[in-house]
Amino acid sequence: MPDLRTAAAKLLGIELYPDNMPQWAQDLVNQVCRDYELNVPFKFTWRKTNRQETSGRSWNDDDGVSKSGRKYNAKYAIQISQGWDEMHCKLVLLHELAHQIMPARESHSEAFWKCAYSLYRRYGIDMRYAYECEKNYKDMARTIGAEFLAGIW
Ligand SMILES: [Zn+2]
């Protein structure tokens, strides 16, 4: 299957990843984008910090346009400040990718958390760890996380 995102980035003269982004993170993003048919290149900003924890932000200004109909726009972006704890970084990266997969209007809705926890499970994050990381974020994160742990989803 052709990698449309890479092809689109090439046509538009966009670098998909900054040089300081770890290879494992680039590989993970490529895998998620293939699996979820996320064909629009989004701009990454990657910083490294001395903290343990990673923080991230995501911009997804899709206006309800289907993913295949999306055009490249600087408003599709992920910004990561990487801490030294690689597992936490992976979780944050997947969280931000869930924001790219879901329509922007979902924000941190129930549907968003189902997507995020599905990504954690699919790409090898321990679900108990994911729950512990996300449970204090919003009530909905705790509710859906507990349902994933209980095997409901
Ligand atoms: Zn979020």
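The paragraphs below lead from the overall layout of the chain through its sheet and its helices to the nonpolar core and a few individual residues.

This is a predicted model, in which local features need pLDDT of at least 70 and side-chain atom pairs count only at pLDDT 80 or more, while totals for chains, interfaces and linings use all residues. Residues are numbered from 1 along each chain as its sequence is written.

The protein chain has six helices and three strands, where helices (H or I, at least four residues) and strands (E, at least two) are DSSP runs numbered from the N terminus. Read from the N terminus on, the elements follow the order α-α-β-β-β-α-α-α-α. Of the 153 residues in the protein chain, 25% are buried; a residue is called buried if 20 or more other C-beta atoms lie within 10 Å of its own, exposed if 12 or fewer, and partly exposed in between, with C-beta atoms placed from the backbone. Among contacts between residues at least 6 apart in sequence, 70% join residues at least 24 apart, a contact being a pair of residues whose C-beta atoms, placed from the backbone, lie within 7 Å.

The three strands form an open sheet with the order β1-β3-β2 and mixed pairing, where two strands pair if DSSP finds at least two bridges between them. Because β1 and β2 (55-59) stand at the edges with a single partner strand each, one side of each is left without a neighbour in the sheet. Neighbouring strands are turned by 5 degrees against each other on average, direction ignored; for such values, axes are lines fitted to C-alpha atoms, for helices over the stretch in contact, and angles run from 0 to 180 degrees between N-to-C directions.

The parallel pair is β1 with β3, joined by six bridges. Within this pair Thr-45 stands opposite Gln-79, and the bridge partner of Trp-46 in β3 is Ile-80.

Lys-48 belongs to strand β1 (residues 43-48). What does Lys-48 touch, if residues up to four places away in sequence are not counted? Its partners are Asn-20 and Gln-82. Lys-48 is classed as partly exposed because 15 other C-beta atoms lie within 10 Å. Trp-84 is 36 residues away from Lys-48 in sequence, yet their C-alpha atoms are 8.2 Å apart in space.

Turning to the helices, α3 lies across β2 and β3 and runs at about 10 degrees to β2. Two packed helices are described by the angle between their axes and the distance between the axes. For α2 and α3 the angle is about 35 degrees, and the axes are 11 Å apart. The crossing of α2 with α3 is right-handed, a term that applies if the near helix is turned clockwise from the far one by less than a right angle, anticlockwise being left-handed. The residues that make the contact are Ala-25, Leu-28, Val-29 and Val-32 on α2, and Lys-90, Leu-93 and Leu-97 on α3.

The largest nonpolar core has 28 residues, and those with the most contacts inside it are Leu-94, Leu-97, Ala-98, Cys-115, Ala-116, Leu-119 and Tyr-120; such a core is a set of buried Ala, Val, Leu, Ile, Met, Phe, Trp, Tyr and Cys residues joined through C-beta atoms within 7 Å. Two or more residues each are given to this core by α2 (23-35), β3 (77-82), α3 (86-101), α4 (110-122), α5 (127-134) and α6 (139-149). The largest share, eight residues, comes from α3. Leaving aside neighbours within four places in sequence, Leu-94 is in contact with Ala-116, Leu-119, Tyr-120, Tyr-123 and Ile-125.

Two loop residues remain to be described. Glu-37, in the loop between α2 and β1, has a positive phi of about 50 degrees although it is not a glycine, and Glu-37 counts as exposed because it has 12 C-beta neighbours inside 10 Å. Ser-107, in the loop between α3 and α4, is likewise not a glycine and has a positive phi of about 45 degrees; with 12 C-beta neighbours inside 10 Å, Ser-107 counts as exposed.

Notes. Two residues are in contact if their C-beta atoms, placed from the backbone, lie within 7 Å.
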